[in-house]
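Welcome, and thanks for taking a look at this model.

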Amino acid sequence: MRFLFKTDYEDDIKLIPHSGYVVSYGILLAFLLIAPFVLSSYLVSQLVFVCIYAMVGVGLMILTGFTGQASLGHAAFLAIGAYTAAYLQQYNVPFPVYFLAGGLLTGVVGALVGFPALRLTGIYLVIATISFAFIVEEVLARWESVTHGNEGMRVKTLSLFGQAVPQNGPTFYYLCLAVLTLTIVGTLNLLRSPTGRAFVAIRDSETAARSMGVNVSLYKVKSFAISAAITGLAGVLFAHKLSFISPEMFTLQLSIEFIIVILIGGAFSLHGAVLGAIFLVMIDPFLTYLKDDLPGIIAGIAATFGADSITAGKIHGNVAAVASANGLKGAIYGVIIVLFVLFEPLGLYGRWLKIKLFFQLFPLYKRATFKRQKIYVKSERNR
Amino acid sequence: MSYFRAENLSLHFGGLKAVDSVSFAVEKGEILSIIGPNGAGKSSIFNLISRIYPPTSGRIFFEDQDITNQPAYDIAGLGIARTFQNIELFENATMLSNLLVGRHRHSTTRLWQELLFLPSVRAGEKMHRRRVEQVIEFLDLEAYRDKLISGLPYGVRKVIELARALCSEPKLILLDEPSSGLNVEETEDMSFWIRDMKTELGITVLMVEHDMTLVNRVSDRVIALNYGRVLAMGSPSEVQRHPDVVAAYLGA
């Protein structure tokens, strides 16, 4: 086990506490940099989606994980970013400009959503953000002069400094990776400054935060704006990646996917946002696998246990029907959320911490270390 | 003029008069205790001062400034810090970040500077950290710097809450039952700290307390309340001998 001897206040501030971080993150970075040369183009394309989902995850983590304000409306913020890009692109605005404009506009919209949300907490805030998402979806479908309605909009290939950057090429992947990295570094900076601490203070006790001089309303609006702005930037990249956007892409299901990203990844940490994004992007290939291979495998197993060819054929048909049923994805999402909430509320990152601690303390690890403790003194809280 | 003054302060919940035209003044540098049976309106007075509730009527003055209508988050900025009866710490954060939130009213950095973590932000963080360390030393909290609050025992949390209030470098501190839930030794430590706060740090203390030993040991003056009204005011021994106070506690 590693013991850190802190000799300077700098040691409490710096992002890289010890050399172990340099090694592990160095290896990760090296792998990500050579990925386009060693992985298939399909996997690189999946990595781009991981970057985009992870950005939204980081944005949502700031709002939900750190400030404690739930949102089921982030698909709308993504849509605003994406449509800003598609719209400005028609007027030959260069990429850096409409990229930042997408983030800025979404941030402003986020702040505007934040104002009415100031008086709402918990389930009511969730309902308000869902309503906001429905409004945006409807506006996108009806405001045909700008958004082309349900026909959708075509997004031209990204061009950066006169160079075309096709959405399946390695350059686009590097661009997404760079944007994600900068977002994460910026967020980490924020979290180690007064603003980040004010967010966490609001999450844990608004009354105490207020009595310590935190302007709770202002910081909630700030949190909404930052979260939305990051999601808007992700939206610009999302539009380019798909090269076509239409209102039915930004539905409630997408917002739920974002919640899954932070819930499965593990709330309260940026690692969680990235891990959750990887997990979510992997669900699609998994579903394809279910559709293509699972019926054959199960029928094969049945046959080896003595089922005749007619029974095996029936089993094959039934399994195939289930695996390609409509709404299977939603059902799987539901099951995953329930299982994680029940058995691993800290998410994948929490599981990783437990595994790490197990090896650090081996053979002295105690299972009760992470046991949640019941607290009884919270009965008479001021709100 | 008094340092801190409440004039005819009232708080009514419908027909219930939790605080009923209470007036008192706190002189600079004194320790004033508010005592009274349960439901006498002691904590409600604190909640009025820190603007968790708006008063039904009456005015509050601090350093000759009317603060009755200041927003709650401005109260800390004026130099009034408080602790809570049922501990309101940020449970899922370390002690250090809890104490650093106490420094919030002194932070001057802007959002974009923080996103880039410019040298000014770094310097500010170090300065805050140094101030926090002084408070940690003052209250003997060295052992808990990186510990999560949710894993700490009640007595330690109580001290950390006091530490967080001190980190904001207040001029006036409101302590809501500082000794509740503490054992005899911890209460004794608390009484030393309260006196040190007055003598070494020059902080004026307004405190709600049930433990009469602690009240007698530290207070310069005592106010006794019952049913939202002031029963008696004066030195600890005077107030304890006052017939109305005896009646309120013993029901004579």
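## Ground rules

Two strands are said to pair if DSSP finds at least two bridges between them. Helices (H or I, at least four residues) and strands (E, at least two) are DSSP runs, numbered from the N terminus.

This is a predicted model, in which local features need pLDDT of at least 70 and side-chain atom pairs count only at pLDDT 80 or more, while totals for chains, interfaces and linings use all residues. Residues are numbered from 1 along each chain as its sequence is written, and chains are lettered from A and ligands numbered from 1 in the order in which they are written.

## A buried strand in chain B

Let's begin with β8(B), residues 204-208. Five bridges tie it to β7(B), residues 172-176, and the two run parallel; Leu172(B) has Thr204(B) as its bridge partner. From β7(B) the chain passes through helix α7(B), residues 184-199, to reach β8(B), a β-α-β crossover that is right-handed (with the strands pointing away from the viewer, the path from the first strand over the helix to the second runs clockwise).

Strand β3(B), residues 31-35, is also parallel to β8(B), through four bridges, and Ile34(B) stands opposite Val208(B).

Is β8(B) buried or exposed? Five of its five residues are buried, so the strand is largely enclosed by the rest of the structure.

## The open sheet

Chain B also has an open sheet of four strands, ordered β2-β1-β4-β5 with antiparallel pairing. Its edge strands, each pairing on one side only, are β2(B) (16-26) and β5(B) (65-66). Two bridges connect β5(B) to β4(B), residues 57-62, and Phe62(B) is partnered with Gln65(B).

## Where the chains meet

How many residues of chain A are in contact with chain B? There are 32, facing 40 residues of chain B, where contact means that C-beta atoms, placed from the backbone, lie within 7 Å. Helices of chain A that each supply at least two residues to this side include α1 (10-13), α8 (170-191) and α11 (216-242). The most comes from α9(A), with seven residues.

Note on methods
Two residues are in contact if their C-beta atoms, placed from the backbone, lie within 7 Å. A residue is buried if 20 or more other C-beta atoms lie within 10 Å of its own, exposed if 12 or fewer, and partly exposed in between; C-beta atoms are placed from the backbone.
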